[in-house]
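This report describes the packing of side chains in one protein chain. Please consider the sequence and the structure shown here.

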Amino acid sequence: MRLLEPDYKAIGERIKVNRTRQGLSQEKLAEMCGLSKTHMSHIETGNTKGSLPTFIQIANVLQISLDDLVCDSLAYEVDAYQREIAKLVEDCSPLEIRVIADIVSATKSILRNRHLTGGDS
């Protein structure tokens, strides 16, 4: 199995999304995690490779799983993506959900068709 490099920009973006969703400022999250605001800023932008203990602390403060933060780097993580999709649509109207479901269905069909035919275009 090929090792996946952590996508620190994606991890940082997930931290930011979850932080703002909870109404926390970057400064407040940094304080709650025992980090400087500058260090938290660098983590959120992906300019700093956070340590595992740091990511665990952030996940605990944000009350999310570590899988939710690093799912781009996990070869077999489906649950985190399903939770992410659920969060994205939780404030949608029934019409918006129907449109999103149609888009997902069409995208899935295209992806599977390309995979089966081996096409790249």
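Two rings of Phe, Tyr or Trp, the last taken by its six-membered ring, form an aromatic pair if their centres lie within 6.5 Å. In this predicted model, the structure holds one such aromatic pair. Y8 and F55 form the pair, with 6.4 Å from centre to centre and 25° between the planes. The arrangement counts as stacked because planes under 30 degrees apart are classed in that way. The pair links distant parts of the chain, since Y8 belongs to helix α1 and F55 to helix α4, 47 residues apart. Both Y8 and F55 are buried.

The largest nonpolar core has 17 residues, and I15, L29 and I58 have the most contacts inside it. At least two residues of this core come from each of α1 (8-21), α2 (26-33), α3 (37-45), α4 (52-62) and α5 (66-70). Helix α4 gives the most to the core, with five residues.

| Residue | Residues in contact |
|---|---|
| L29 | I15, R19, L24, M40, E44, V61 and L62 |
| T54 | L35 and I43 |

T54 is found in helix α4. Is T54 buried or exposed? T54 counts as buried because its relative accessibility is 14%, and the cut-off for buried is under 20%. The side chain of T54 is also joined to that of S51 by a polar contact of 2.9 Å.

Conventions
Residues are numbered from 1 along each chain as its sequence is written. This is a predicted model: local features need pLDDT of at least 70, side-chain atom pairs count only at pLDDT 80 or more; totals for chains, interfaces and linings use all residues. Side-chain values use heavy atoms; hydrogens and water are left out. A nonpolar core is a set of buried Ala, Val, Leu, Ile, Met, Phe, Trp, Tyr and Cys residues joined through side-chain atoms within 4.5 Å. Buried means under 20% relative accessible area, exposed over 50%, partly exposed in between (1.4 Å probe, protein chains only). Helices (H or I, at least four residues) and strands (E, at least two) are DSSP runs, numbered from the N terminus. Contact means heavy atoms within 4.5 Å. Rings of Phe, Tyr and Trp (its six-membered ring) pair if their centres lie within 6.5 Å; planes under 30 degrees apart count as stacked, over 60 as edge-to-face and the rest as tilted. A polar contact is a pair of N or O atoms within 3.5 Å; within protein, one must be able to donate a hydrogen and the other to accept it, and residues adjacent in sequence count only if both atoms are side-chain atoms. Lists of a residue's contacts leave out its neighbours within four places in sequence.
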